[in-house]
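User: Please take a close look at the salt bridges in this model, and at the contact between the chains where they bear on it. A plain account will do.

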Amino acid sequence: MTEPVTSMDRISARIGFFVGVTGVLLLLSAAKLAGIQIRHHDEYAARADEQQTIQVRVEAQRGEILDRNGFLLAGNLTSACFSVYWPNVPPEEVAGVELFAEGLGEYLTASLPLCPTGCNQVLASTVPWEYAAAAMDSMPRYVDCSFVTSRVYPMDSLAAPVVGTHSENVSQGLEYQMEDILEGTDGLSYYQASAWSGYSAVDNEADNIPPVNGRDLLLTIDSRYQEIAQRELQAAVEYSGSSWGAAVLVDPATGDILAMASYPVFNEDGTLARNHCVQSSTEPGSVFKAITLAAALEGGYATMADSFDCRSSFVEIYGHRINDSHPVNSMLDLTGVIAHSSNVGTVALAQRIPDEAFYSVCQSFGFGQETRIEFPSEQRGLLRDPSQWSGLSRANLAIGQEVSATPLQLAMAYSAIANGGLLLRPRLVCATLEDGLFRELADSPSKRVISQETASAVRGALTSVVEWGTGGSAAVPGVTVAGKTGTAERLNEDGYLSAFAGMVPAEEPRLVAVVVFDQPDREYRWGSALAAPVFGRIVSAVISTSPEIALGEPFSGGSLVAQGGDPR
Amino acid sequence: MIAAAGLMSVFVAQLISRNFYLAASVDYAHVTATTDSLSRTRQALISRIAVLESPPRLREAGEALGLVPMPVESFMLMEAP
């Protein structure tokens with residue numbers, strides 16, 4: 001006899017059935033999950049990554065360029081571009097977009113009222129970051145914002161001849177030359193996308209590559225001197241009708257370039273013009289007579305006491321007549337020859353120097369070779385080998401013809417005379433920023449080209465040029481100036497070149513400056529009429545800014561900043 | 001059944017930890033965006049300061065106030081005592 005089925009038995013059977021079914025379902029779920037998570041893990045993970053992961057390029061910041069005192073010469077500025085994709089905008093949201101566009105004020109490029117047709121419309125393309133950051137707080141959901149980093153130059157065109165320019169496609173000047181240091185390496189970030197905007201997250205498990213920002217550069221340029229030189233040069237080029245002008249200021253103790261002005265700064269088509277300090281070479285004219293004097297004294301071919309017959313206003317060499325532009329008609333010692341810029345006396349002096357010896361001294365002063373400054377497209381100038389000289393070449397070379405040099409080459413040669421005979425490599429970049437500290441770049445070894453005695457004697461003659469010779473207009477009140485005027489006829493072209501190279505204070509020079517003007521109007525062709533007074537004005541303004549120069553104190557900017565770390 | 005329940009627990013724990021991880025990532029993304037924003041603001045301010053402190057701007061401001069560098073003639077070298 002079978003036992004009756006009680007209600008308890010039915011409940012137990014139902015519970016057993018439920019537990020069994022649940023267990024089976026759990027096992028099935030677990031099996032399915034195991035299949036997804038374990039067996040097909042790689043396949044599903046790959047599909048998820050494909051759907052959810054966004055790869056974003058993280059832009060590296062270009063390095064900044066600072067002057068020797070830490071003043072920003074080239075930096076980066078972010079601007080925002082607001083746009084709207086009309087097909088995505090519901091009709092009821094158009095008013096909100098229009099209200100936002102109105103709020104963009106002067107930066108709005110689209111015309112109001114907005115016409116919500118077509119596809120993508122740019123509302124404003126270059127909104128400064130300070131303004132854009134505030135605008136983004138009230139940005140409607142359907143407006144897109146993208147960022148553009150552009151280069152900013154706080155001194156505008158005043159530092160452009162040195163710093164150059166940089167845009168997306170083209171770099172010029174120092175921006176081009178130092179591209180490897182300034183340019184960083186972009187990084188990559190992987191984001192886990194979310195369906196809700198603002199909730200995407202960086203995927204920290206992915207191989208994110210952080211961007212490496214470019215290194216900052218600390219230049220030897222002093223922006224105050226650069227502004228003075230550029231301003232004076234621009235004014236002089238304009239009133240003299242010159243085709244171009246160039247001015248270089250150098251610290252003769254270190255070879256540091258303190259200012260490098262060139263005008264015009266831009267070509268008519270808006271591109272950056274040549275920096276004539278480095279990229280144009282011309283006949284230096286009588287400025288070169290200081291080198292002739294140095295060659296004669298260094299080789300022992302003359303002494304400062306020697307007299308030269310300058311009673312005639314010309315000298316004939318191989319049937320070619322070389323004239324004195326300012327006839328002296330008397331006997332002159334070497335100081336007088338240089339002070340009066342006598343071609344006759346200088347040619348007579350040069351006749352005592354053998355060709356090879358003369359050439360050797362000119363070459364050791366750096367003529368005919370690149371100075372290896374950190375600037376692109378440097379001109380090396382022209383200095384012919386004696387084997388290519390004609391009978392007239394030595395005489396021409398002595399007065400600065402048949403030779404061409406850049407204003408920078410002249411400045412470095414005069415720096416050697418100023419510092420006691422050492423030719424230095426010009427330095428434009430003082431330090432780079434590494435690991436948060438400015439690392440000063442090593443100085444290049446200097447090369448002795450003349451003795452201290454020769455350098456001192458040449459400086460003495462150059463002082464006479466300004467005190468009672470042709471360079472009186474370069475005088476600066478309160479400080480002794482040593483320098484030489486130069487007026488050269490341009491080979492193969494009409495016109496003249498007006499130049500002045502000098503140093504202050506003459507006793508212990510701390511500043512060397514060279515000023516050159518190409519093809520000025522006829523009344524300004526003499527070095528004493530144009531380049532010398534501009535030299536005087538530049539040096540006078542620089543000394544007003546830094547009176548310690550007149551006291552012969554060394555420059556302290558730049559290296560102090562470099563040792564002390566980030567100046568900002 | 002115990003094994004299935006254990007496996008489920010592991011999966012639930014994994015889900016919870018994943019959510020924590022995602023929440024932290026979202027926070028991190030927000031902090032990164034704030035850092036970027038502040039960095040851009042700093043850049044903009046540095047540029048503005050540089051423009052305001054640039055020699056031509058200072059010259060303009062000084063001249064407007066009647067302040068110009070002392071002429072060189074006004075400096076005099078003194079003998080050391």
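Analyst: A salt bridge here is a side-chain nitrogen of Lys or Arg within 4 Å of a carboxyl oxygen of Asp or Glu. The model is predicted, so local features need pLDDT of at least 70 and side-chain atom pairs count only at pLDDT 80 or more, while totals for chains, interfaces and linings use all residues. Residues are numbered from 1 along each chain as its sequence is written, chains are lettered from A and ligands numbered from 1 in the order in which they are written, and side-chain values use heavy atoms, with hydrogens and water left out.

Over all chains, the whole structure holds 19 salt bridges. In one of them, A:R224 pairs with A:D222, with 2.8 Å between the closest N and O atoms. For burial, the cut-offs are relative accessible areas under 20% for buried and over 50% for exposed, with partly exposed in between (1.4 Å probe, protein chains only). A:D222 is buried at 2%, whereas A:R224 is partly exposed at 33%.

A:R231 forms a salt bridge with A:E227, the closest N and O atoms being 3.3 Å apart. Both residues lie in helix α8 (residues 223-240) of chain A, four residues apart, about one turn of the helix. Helices (H or I, at least four residues) and strands (E, at least two) are DSSP runs numbered from the N terminus. A:E227 is buried, with 4% relative accessibility, and A:R231 is partly exposed, with 28%.

A:E402 and A:R384 meet through their side chains at 3.5 Å, N to O. This pair links distant parts of the chain, 18 residues apart: A:E402 sits in the loop between α14 (393-398) and β16 (403-404) of chain A, and A:R384 in the loop between β15 (382-383) and α14. A:E402 counts as buried at 18%; A:R384 is partly exposed at 32%. Shared partners join A:E227, A:R231, A:E232, A:R537, B:R59 and B:E63 into one salt-bridge network.

Between chain B and chain A there are two salt bridges. B:R48 pairs with A:E130, at 3.3 Å between the closest N and O atoms. On the side of chain B that touches chain A, α1 (2-53) and α2 (55-64) of chain B each supply at least two residues, and α1(B) gives the most, with 24. In total, 36 residues of chain B are in contact (heavy atoms within 4.5 Å) with 42 residues of chain A.
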